[in-house]
Amino acid sequence: MISTLLSLFLKLSAFSLVAFGGINALLPTLYDLSVNQKHWINGQTFADYFAIAQAAPGPNLMTVTLIGCWKVGGVISAAIATLAIA
């Protein structure tokens, strides 16, 4: 579990450094990581999370929080994902 959380933090932190244009600029890379590489979620679930993030008030980085929370490791993972990308 610790290695998964560390991997999540490191990957998202690296994305955050090059994220010019907000979270929407990272969607293809985030999709590739979470669906194709790590298999945390499937493509439909990614689309659902993105739709929830767009419909909810607040920043678009909620997509990352949802991936971290529901599919990787619960509330701790959601916090780590959110902090890493912010």
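Met62 touches Ile52, Ala53 and Ala56, leaving out residues up to four places away in sequence; contact here means heavy atoms within 4.5 Å. Met62 sits in helix α4. Helices (H or I, at least four residues) and strands (E, at least two) are DSSP runs, numbered from the N terminus. At 27% relative accessibility, Met62 is partly exposed. On that scale, buried is under 20% relative accessible area, exposed is over 50%, and partly exposed is in between, with a 1.4 Å probe and protein chains only.

Before going on, the conventions. This is a predicted model, in which local features need pLDDT of at least 70 and side-chain atom pairs count only at pLDDT 80 or more, while totals for chains, interfaces and linings use all residues. Residues are numbered from 1 along each chain as its sequence is written, and side-chain values use heavy atoms, with hydrogens and water left out.

Now the core. Which residues of the largest nonpolar core touch the most other members? They are Leu12, Phe46, Val64, Ile67 and Ile85, out of 19 residues in that core. A nonpolar core is a set of buried Ala, Val, Leu, Ile, Met, Phe, Trp, Tyr and Cys residues joined through side-chain atoms within 4.5 Å. Helices α1 (2-17), α2, α3 (43-55) and α4 (62-85) each supply at least two residues of this core, and α4 gives the most, with six residues. As general background, nonpolar side chains tend to be buried together in soluble globular proteins. Take Leu12: setting aside neighbours within four places in sequence, Leu12 is in contact with Leu30, Val64, Ala81, Ala84 and Ile85.

Next, helix α2. The buried residues there are Leu27, Leu30, Leu33, Ser34 and Val35. They lie on the same side of α2, because they cover an arc of only 165° around the axis; the arc is that of the directions from the helix axis to the C-beta atoms.

One of those residues is Ser34, in α2 (residues 27-37). Ser34 has a relative accessible area of 1%, so it counts as buried. Where does the side chain of Ser34 reach? It reaches the backbone oxygen of Leu30, at 2.8 Å. For reference, a polar contact is a pair of N or O atoms within 3.5 Å; within protein, one must be able to donate a hydrogen and the other to accept it, and residues adjacent in sequence count only if both atoms are side-chain atoms. Not counting residues up to four places away in sequence, Ser34 touches His39, Trp40, Ile41, Phe46 and Ile67.

That brings us to His39, in the loop between α2 and α3. Is His39 buried or exposed? His39 is exposed, with a relative accessible area of 58%. Its contacts, again without residues up to four places away in sequence, are Leu33 and Ser34. The side chain of His39 reaches the backbone oxygen of Val35 at 3.2 Å, and a polar atom of that side chain lies 3.1 Å from the backbone oxygen of Asn36. The backbone of His39 has a phi near 55°, a positive value in a residue other than glycine. Most residues other than glycine have a negative phi.

Ile2 is in helix α1 and is exposed, with a relative accessible area of 67%. The C-alpha atoms of Ile2 and Asn42, 40 residues apart along the chain, are separated by 23 Å.

Finally, the whole chain. The protein chain has four helices and zero strands, in the pattern α-α-α-α. Its radius of gyration is 11 Å, close to the 12 Å that the globule rule gives for 86 residues, so it is as compact as a globular protein of that length. That radius is taken over C-alpha atoms, and the globule rule is 2.2 Å times the number of residues to the power 0.38. Along the principal axes, the C-alpha atoms fill a box of roughly 30 × 25 × 25 Å. Buried residues make up 35% of the 86 residues. Among contacts between residues at least 6 apart in sequence, 48% join residues at least 24 apart.
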